[in-house]
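Reader: I have a structure open and would like to learn how to read its features. Please take me through them in turn.

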Amino acid sequence: MNMIKRSPWVYHAHAGGCVGCDIELVACLGPRYDLERLGVRLVPSPRYADVLLVTGPVPLHTKPFLERVYAQTPEPKRVIAIGACGCSCGVFIDDENYSIAGPVDKIIPVDVKIPGCPPKPEAIIEGIMKVLRMK
């Protein structure tokens, strides 16, 4: 995979969970942290995205959606799992949970994991910058 050498466009896929990570992601796009100053832009379709930001554990009914979103993303694909739920299922890790397919990396390949419940905007920005430096 090649390193992204232009302003990255990101697509946010909410797989499930409490939306705490989504609120922190929106905070990154607001005036205080302003991800757009770094060239990062949120796009409405995975077909235009360089990076997928996935939050939440993946419920069984969302698994086909996430696989389809991943398939629609052009190469080179970069995936970031955000939050404890996205990285390891968080509080939904119980083996007897019949409705959860698993964390994001059990469904699609993940390049960077950003743990936390929810992670701070600074951690999300650092994770995005980390995935952009990957070769």
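Reader: Where is Pro31 found?

Author: This is a predicted model. Pro31 sits in the loop that links α1 and β2.

Reader: Is Pro31 buried or exposed?

Author: The class follows from the relative accessible area, and exposed means over 50%. Pro31 has 83%, so Pro31 is exposed. Its C-alpha atom is separated by 31 Å from that of Pro103, which is 72 residues apart from Pro31 along the chain.

Reader: Is Thr62 buried or exposed?

Author: The limit for buried is under 20%. Thr62 has a relative accessibility of 9%, and therefore counts as buried. Thr62 belongs to the loop between β4 (58-59) and α2. A polar atom of the Thr62 side chain lies 3.5 Å from the backbone oxygen of Ala15.

Reader: What is the order of the strands in the open sheet?

Author: To read a sheet, follow the strands from one side to the other. Here five strands run in the order β2-β1-β3-β5-β7, and the pairing is parallel. The edges are β2 (41-42) and β7 (112-114), each of which pairs on one side only.

Reader: How many bridges pair β5 with β7?

Author: Three bridges join β5 (residues 78-82) to β7 in the parallel sense. At the level of residues, Ile80 has Val112 in β7 as its bridge partner.

Reader: Which strands do helices α2 and α4 lie across?

Author: For a helix on a sheet, note which strands it crosses and at what angle. Helix α2 (residues 63-72) lies across β1 (9-14), β3 (51-55) and β5, at about 170° to β1. Helix α4 (residues 121-133) lies across β3, β5 and β7, and its angle to β7 is about 175°.

Reader: Which residues of helix α1 are buried?

Author: In α1 (residues 20-29), the buried residues are Gly20, Cys21, Asp22, Leu25 and Cys28. Their cover includes the strands β1, β3 and β5, together with α3 (83-88) and α4.

Reader: What tends to happen to nonpolar side chains in soluble globular proteins?

Author: They tend to be buried together. In this model the largest nonpolar core has 19 residues, and Val51, Leu53, Ile80, Ile82 and Ile128 are those with the most contacts inside it. At least two residues of this core come from each of α1, β3, β5, β7 and α4. Helix α4 gives the largest share, six residues. There is also a second, separate core of 17 residues, with Ala13, Ala49, Val58 and Tyr70 among them.

Reader: Which residues does Leu53 touch?

Author: Leaving aside residues up to four places away in sequence, Leu53 touches Val10, Tyr11, His12, Ala13, Leu25, Ile80, Ile82 and Ile128. One of these, Leu25, is also among the buried residues of α1.

Reader: How many salt bridges are there?

Author: To find them, look for a side-chain nitrogen of Lys or Arg within 4 Å of a carboxyl oxygen of Asp or Glu. The count is two. In one, Lys113 and Asp105 have their closest N and O atoms 2.7 Å apart. In the other, the side chains of Arg133 and Glu126 meet at 3.0 Å, N to O.

Reader: How exposed are Lys113, Asp105 and Glu126?

Author: Lys113 has a relative accessibility of 43% and so counts as partly exposed. Asp105, at 35%, counts as partly exposed. Glu126 is partly exposed as well, with a relative accessible area of 44%.

Notes: Residues numbered from 1 in each chain as written. Predicted model: local features only at pLDDT ≥ 70, side-chain atom pairs only at ≥ 80, totals over all residues. Heavy atoms only, no water. Pairing = 2+ DSSP bridges. Helix = DSSP H or I, 4+ residues; strand = E, 2+ residues; numbered from the N terminus. Contact = heavy atoms within 4.5 Å. Axes fitted to C-alpha atoms, helices over the stretch in contact; angles between N-to-C directions. Buried < 20%, exposed > 50% of the residue type's maximum accessible area, 1.4 Å probe, protein only. Core = buried A, V, L, I, M, F, W, Y, C linked by side-chain atoms within 4.5 Å. Polar contact = N/O pair within 3.5 Å; in protein donor to acceptor, adjacent residues only side chain to side chain.
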